[in-house]
Amino acid sequence: MRGLHHVCLKANGKKEFDKAVEFYSSVFGLPLLRTWGEENTSGAMLQMDGIILEIVAGGEDSTPNSYWRHIAMHCASPEEVDAEAARLAAMGYPTTKGPFSKNLGGSYPIHVAFCEGPLGEEIEFFYAEETRQ
């Protein structure tokens with residue numbers, strides 16, 4: 001095993017699929033690598049620095065729109081966390097928690113904010129002290 005290849009977000013049908021692909025490609029600038037299928041079998045892969053975000057239409061059923069707890073976007077500074085949360089809030093994607101700072105495990109200082117994405121998924125903006133260069 002070489003590591004994590006991709007994470008997958010399940011939309012609830014083609015309309016939500018299109019909305020999610022547009023959001024992640026335009027808001028975060030993720031390049032579209034490939035698409036496949038049609039209507040409720042549609043899928044797409046977008047490139048995120050070293051990992052792929054897969055989005056699938058997933059069909060129209062009663063399952064939740066997204067299966068992940070949250071996706072964390074790596075930020076270069078606490079100020080970038082704050083700015084990204086404010087940017088999404090201004091676009092109509094509300095901040096649900098934060099921004100705030102805390103220690104994980106006592107000696108792992110972080111600064112984070114959580115926003116709601118287009119399918120109701122949580123998007124975390126994450127800065128860890130150890131990433132400071």
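How many helices and how many strands does the protein chain have? The protein chain has two helices and eight strands; helices (H or I, at least four residues) and strands (E, at least two) are DSSP runs, numbered from the N terminus. This is a predicted model, in which local features need pLDDT of at least 70 and side-chain atom pairs count only at pLDDT 80 or more, while totals for chains, interfaces and linings use all residues. Residues are numbered from 1 along each chain as its sequence is written, and side-chain values use heavy atoms, with hydrogens and water left out.

**View 1. The whole chain, element by element.** Reading from the N terminus, the elements go β-α-β-β-β-β-α-β-β-β. Of the 133 residues in the protein chain, 41% are buried; buried means under 20% relative accessible area, exposed over 50%, and partly exposed in between (1.4 Å probe, protein chains only). Among contacts with a separation of 6 or more, 54% are between residues 24 or more positions apart, where contact means heavy atoms within 4.5 Å.

**View 2. The open sheet β1-β4-β3-β2.** Four strands line up in that order, with mixed pairing; two strands pair if DSSP finds at least two bridges between them. At the edges sit β1 (6-10) and β2 (32-36), each pairing on one side only. Neighbouring strands here are turned by 20° against each other on average, direction ignored. For such angles, axes are lines fitted to C-alpha atoms (for helices, over the stretch in contact), and angles run from 0 to 180 degrees between N-to-C directions. Zoom in on β3 and β4 and you'll find an antiparallel pair joined by six bridges, with Gly43 opposite Val56 in β4. In the loop between β2 and β3, look for Glu39: its phi is near 50°, a positive value in a residue other than glycine.

**View 3. The open sheet β5-β8-β7-β6.** This one also has four strands and mixed pairing. β5 and β6 (95-103) are the edge strands with a single partner each, so one side of each has no neighbour in the sheet. The twist averages 20° from one strand to the next. β5 and β8 run parallel and are joined by four bridges, and Met73 stands opposite Phe125 in β8. Over in β6 is Pro99, and the peptide bond leading from Gly98 to Pro99 is cis, with omega near 0°. As a reminder, most residues other than glycine have a negative phi, and most peptide bonds are trans.

**View 4. The largest nonpolar core.** A nonpolar core is a set of buried Ala, Val, Leu, Ile, Met, Phe, Trp, Tyr and Cys residues joined through side-chain atoms within 4.5 Å. The largest has 30 residues, and those with the most contacts inside it are Phe23, Tyr24, Phe28, Ile55, Leu88, Ile123 and Phe125. Two or more residues each come from α1 (14-26), β3 (43-48), β4 (51-56), β5 (71-74), α2 (78-90), β7 and β8 (122-128). The largest share, five residues, belongs to α1. Take Ile55 as a way in: leaving aside neighbours within four places in sequence, Ile55 has contacts that include Leu9, Phe17, Ala20, Val21 and Tyr24.

View 5. Val112 lies in strand β7 (residues 109-116) and counts as buried because its relative accessibility is 1%. Val81 is 31 residues away from Val112 in sequence, yet the two are 6.2 Å apart in space, C-alpha to C-alpha. Beyond neighbours within four places in sequence, the contacts of Val112 include Gly98, Pro99 and Phe100, plus Glu124, Phe125 and Phe126.

**View 6. His111 and its polar partner.** His111 also has its place in strand β7, and at 10% relative accessibility His111 counts as buried. The side chains of His111 and Asp82 are joined by a polar contact of 2.7 Å. That term covers a pair of N or O atoms within 3.5 Å; within protein, one must be able to donate a hydrogen and the other to accept it, and residues adjacent in sequence count only if both atoms are side-chain atoms. Not counting residues up to four places away in sequence, His111 also touches Pro78, Val81, Ser101 and Tyr127, among others.
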